[in-house]
Amino acid sequence: MILQHFKPLWAFLIPIIAWVIYFFGISGGWLEAVSGVLLIGSVLAAVHHAEEIAHKLGEPFGTIVLALAITIIEVALIISLMIAGGPGAETLPRDTVFAAIMLILNGILGLCLLIGGAKFHEQYFGKKSANTALITLVSILVLTLVLPNYTTSIKGPYYNSSQLVFVAIVSLILYGSFVMVQTVRHKDYFISSEEQKAQEENPNHHQTNMLKSLVFLTICLGIVVLLAKALSPSIEGMVTQMGAPKSLVGVIIAAVVLLPESIAALKAARKNQLQTSVNLALGSALASIGLTIPAVAIVCLIYDIDLVLGIDIKSMVLLALSFFIVMLALNMGKTNLHYGVVLLVSLAAYIFTVIVP
């Protein structure tokens with residue numbers, strides 16, 4: 001009878017096994033391979049528990065919970081690697097955040113539009129929700145990743161201490177304003193008609209006990225951070241052997257961190273719930289940069305780390321291209337397969353130019 005409360009069992013067993021393996025120590029080829037499998041398994045378990053919470057909370061709160069969970073992983077991992085030091089620590093936040101944005105805009109959204117378009121021909125969503133998220137995201141991105149290249153108080157791509165504090169505060173204000181709009185002022189922008197009907201029919205679904213899901217989501221997030229940190233030297237070694245730039249490490253870390261979000265968004269697209277996919281993708285992008293930069297800024301000020309924020313010209317061109325495509329793709333409130341293809345080609349161009357700059 002007890003087991004009935006713990007289904008599916010793998011979502012509860014894998015993170016516990018991962019914790020046990022981690023405390024025994026990760027050394028040697030086979031243990032690293034096992035740890036890699038457990039890392040992916042823990043990410044998938046985090047998806048399951050986050051979806052349970054999302055289902056009980058309803059939209060748009062469910063997607064916010066998942067976006068915040070992913071951001072916690074990202075922030076904890078970046079900060080732990082920065083404090084540990086090593087070559088490239090000062091550029092790791094910029095590389096990881098930029099990679100996350102590019103993977104979300106081109107990869108997650110592209111796959112959702114491709115899969116949804118292939119299955120349903122056309123899918124619909126509230127374009128007001130996309131416009132609200134994108135205008136906020138553009139503002140934060142320009143202030144954090146572009147403007148540092150052009151300030152004169154200190155030579156770019158850096159901010160001085162006062163500028164860093166200002167940008168951190170502004171990022172929090174913009175993200176907080178977006179969440180307020182999403183959950184209070186214009187909540188209807190982010191809820192599909194089907195979801196709204198389901199919530200009206202089941203107004204008390206959010207009162208279900210979520211303690212079990214919250215506890216195991218925390219367990220999953222904790223071991224994902226620790227395993228990713230433990231495996232990061234192997235990842236860096238692999239990148240070095242490939243002869244690829246260090247920025248590829250940021251792409252790999254971002255891809256691992258975004259895996260739960262990606263799976264949840266794709267599952268929603270396959271169920272013809274594109275509004276949920278858009279909420280997940282753009283909400284995660286906003287949380288990723290709007291919360292990560294302030295957290296990293298505080299750490300850098302405390303530990304006196306010179307944080308490199310400004311991206312180079314090539315990255316600015318690719319970022320502008322990605323935003324231009326996404327804005328056109330989401331401008332009509334409906335999408336098709338072709339938009340997904342174009343976004344995925346843009347993603348391929350980004351990854352290729354990271355490996356072969």
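Contact here means that heavy atoms lie within 4.5 Å, and the structure treated in these exercises is a predicted model.

**Exercise 1.** Locate T353 and determine which residues T353 touches, not counting residues up to four places away in sequence.

*Solution.* Begin with the place of T353, which is in helix α13, spanning residues 337-355. Next, follow the side chain of T353, which reaches the backbone oxygen of Y350 at 2.9 Å. Finally, with residues up to four places away in sequence left out, the residues that T353 touches are K314 and L318.

**Exercise 2.** Classify the way in which helix α1 and helix α8 cross, and list the residues that make the contact.

*Solution.* The axes of α1 (residues 10-24) and α8 (residues 211-242) come within 9 Å and cross at roughly 40°. Angles under 35 degrees would count as roughly parallel and those from 65 to 115 as roughly perpendicular, so α1 is oblique to α8. As for handedness, α1 passes α8 in a left-handed crossing. On the α1 side the contact is made by F12, P15, I16, A18, W19 and Y22, while α8 contributes K212, F216, I219, C220, G222, I223, L226, L227 and A230.

**Exercise 3.** Identify the residues of the largest nonpolar core that touch the most other members, and then examine L109.

*Solution.* This core holds 102 residues, of which I101, L109, L137, L282, I289 and Y350 touch the most other members. Helix α4, residues 92-120, gives the most to the core, with 14 residues. Turning to L109, and not counting residues up to four places away in sequence, one finds that L109 touches I104, V278, A281, L282, V326, L330 and L343.

Methods:
Residues numbered from 1 in each chain as written. Predicted model: local features only at pLDDT ≥ 70, side-chain atom pairs only at ≥ 80, totals over all residues. Heavy atoms only, no water. Core = buried A, V, L, I, M, F, W, Y, C linked by side-chain atoms within 4.5 Å. Buried < 20%, exposed > 50% of the residue type's maximum accessible area, 1.4 Å probe, protein only. Helix = DSSP H or I, 4+ residues; strand = E, 2+ residues; numbered from the N terminus. Polar contact = N/O pair within 3.5 Å; in protein donor to acceptor, adjacent residues only side chain to side chain. Axes fitted to C-alpha atoms, helices over the stretch in contact; angles between N-to-C directions. Parallel < 35°, antiparallel > 145°, perpendicular 65-115°, else oblique. Left-handed = near helix turned anticlockwise from the far one by under 90°.
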